[in-house]
Amino acid sequence: MSMTIAEKILKAHLVDGEMKQGEEIGLRIDQTLTQDATGTMAYLQFEAMGVDQVKTERSVAYIDHNTLQSGFENADDHKYIGSVAKKHGIYYSKAGNGICHQVHLERFGAPGKTLIGSDSHTPTGGGIGMLAFGAGGLDVAVAMGGGAYYIPMPKMVRVTLTGKLQPWVAAKDIILEVLRQMTVKGGVGKIVEYAGEGVKTLSVPERATITNMGAELGATTSIFPSDEVTKAFLEAQGRGDVYVPLSSDADAKYDEEYVVDLNALEPLAAAPHMPDNVAGLAELGPIKVNQCCIGSCTNSSYYDMMKVAAILKGKHIHPDVSLTISPGSMQVFHMLAKNGALSDIISAGARILECACGPCIGMGQSPESAGVSLRTFNRNFEGRSGTQDAKIYLVSPETAAASALTGVLTDPRTLGEMPAIEMPEHFDINDSMIVLPSEHPEEVEVQRGPNIKPFPLGEALPERWAGKIVLKTEDNITTDHILPAGSKLLPYRSNIPYYSNYCFINVDPKFPARCQEQGGGVIVGGANYGQGSSREHAALVPLYLGVRAVLAKSFARIHKANLVNSGIVPLTFADPSDYDAVELLGTISFPNLKSEIASGAQITVEAGGKVFKADCDVSDRQRGALLAGGTLNYAKQSAK
């Protein structure tokens, strides 16, 4: 049978289920990664499983999010993660070594392997032909313990790239064009595979930019073939031994197909406040710019930074613009310093930030009030920058650098001839900031700071449940809406009780208090509820506040799985018009909740003076988890 690249990797790693669309499949996971904003909770869950050593081929803990140490909390979390890693067989990438996805691509990723990470941009690994998924921390913990990773068998989507990028047009413009065609909801339940003659013209960093932002499509993951370009990159990293060629069969079948003509593509931008709000630079016009930020896991590679350095060389940024540069890894930073490119960037007036996520997650560099910020990042959700009324545009490094020079949104094609940037034949390799697991794990003591609190566990489902609707939201609620990030709150990711005070704070400031007054309740959401980050805190914190169910028009994949893992019932309206019948603080009840969940029947809902049906579209395994009050409870019951 002919297969796509993704289907070939899925088949090779299948341990449970059948590869039939919509059916749940279990996969063997080769590699895992965590980052420090989600890692503490993931490792607390791993410890709760009682597994001594990780069972994967490689698991890596990265410190790249909470690197602003303005109190003891972040440093304590890092100490905890480092000690768990040393004790349980996990590699530990210290703060300053770089952003997890950039470093993993450089030093650990391998074509044909499976990878899950407690970060939604883990699909970056698809740039070298990995099948890489963003997941909740508990799913990562289970995989580290040797368990399968479960997903619904996705549909297959082919994006054919024809032609070749013209000067000054970038990989960022490719994925922005795909977002314009597919939207932020268009990839849900699908794997996006890139093909066509244009693929061979793209370097690995360019491919990784595209697969990274596939997360914004809502896609399960994205993947490129593994070819001679992949081989050259891995050999330049001193890892040519992991290369394997991967391509789809000539007669592979796809459920959907899109085409992007690289010859005709022009520089694009995603305007506030969604990544699919895409327009050409000419259409947007010369908007006055206050800030430009270049970096993030999307565009912080050596290739990207060299282009920026070439644009800035001998010039100076506009006096009204603040330009920040975040190299993606120590490798990138070191090579820029060694070849003089860093000097060109500094001389132009840029501010050099550490090799970390930084402004992308609101960790510093928030724009001024109502400021316009051009960012090479992957998300421009309202308030994510740390400034609620800021106007964030997503652009390529070329566009950001050009605009930093002029002070207005600028088409980089106006700069003249584009500098020629070549990929290096050899990258400088220095893994001194990666700490290996202990050879004597029994001697390692896990360090726990006072900010690290136990995570909440759900309760077994009652037969009947009734309460209040404690929140009603519109479409496209993101995990940033549910739980803001930023320098003030990220230190409390390991302290659920404290973090709960900020749940939905930018949507409805009264939500935490309302939950306490009502003893919890039900959230009603619109379409694509929970899009964005993989942060399972967006489920764990509502669980702590007593939320028992979320009734929405539709869910983002990772968040729905996180709700099930925590024991919160994810329901969708059988008839979306019933959304209009329910109101904030109205009474809602599920008279047959337990029996209907157990049987797989539609769920009876009484609300707004009427009785209607909702769907609980989960697998049999997930039904067991919901009945038990969450995946950990279910695993403990199953082990008896």
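1. In this predicted model, three helices each put at least two residues into the lining of the second largest pocket: α7 (204–212), α8 (228–236) and α10 (302–312). Among these, α8 gives the largest share of that lining, 4 residues.

2. The volume of the second largest pocket comes to about 670 Å³. It is lined by 26 residues, and those closest to its centre are T201, S203, E206, Y303 and I421.

3. Sorted by class, the lining of the second largest pocket holds 17 nonpolar residues, 6 charged and 3 polar.

4. For the largest pocket, the computed volume is about 1,200 Å³. Its lining counts 44 residues, with E24, Y150, I151, P152 and Q622 lying nearest the centre.

5. Which elements each supply at least two residues of the lining of the largest pocket? They are the helices α2 (36–49), α5 (137–144), α18 (557–566), α20 (620–628) and α21 (631–639), together with the strand β8 (149–152). The one that gives the most is α21, with 7 residues.

6. How do the residues of the lining of the largest pocket divide into nonpolar, polar and charged? There are 21 nonpolar, 12 polar and 11 charged residues in that lining.

How values were computed
Residues are numbered from 1 along each chain as its sequence is written. This is a predicted model: local features need pLDDT of at least 70, side-chain atom pairs count only at pLDDT 80 or more; totals for chains, interfaces and linings use all residues. Side-chain values use heavy atoms; hydrogens and water are left out. On a 1 Å grid over the protein atoms alone, a cavity is a set of points where a 1.4 Å probe fits but cannot get out, and a pocket is an open set with protein on both sides within 12 Å along at least five of seven lines; lining residues have an atom within 4 Å of a point. Grid points are joined across faces, edges and corners, and a volume is the space filled by probe spheres set on the points. Ala, Val, Leu, Ile, Met, Phe, Trp, Tyr, Cys and Pro count as nonpolar, Asp, Glu, Lys and Arg as charged, and the others, Gly among them, as polar.
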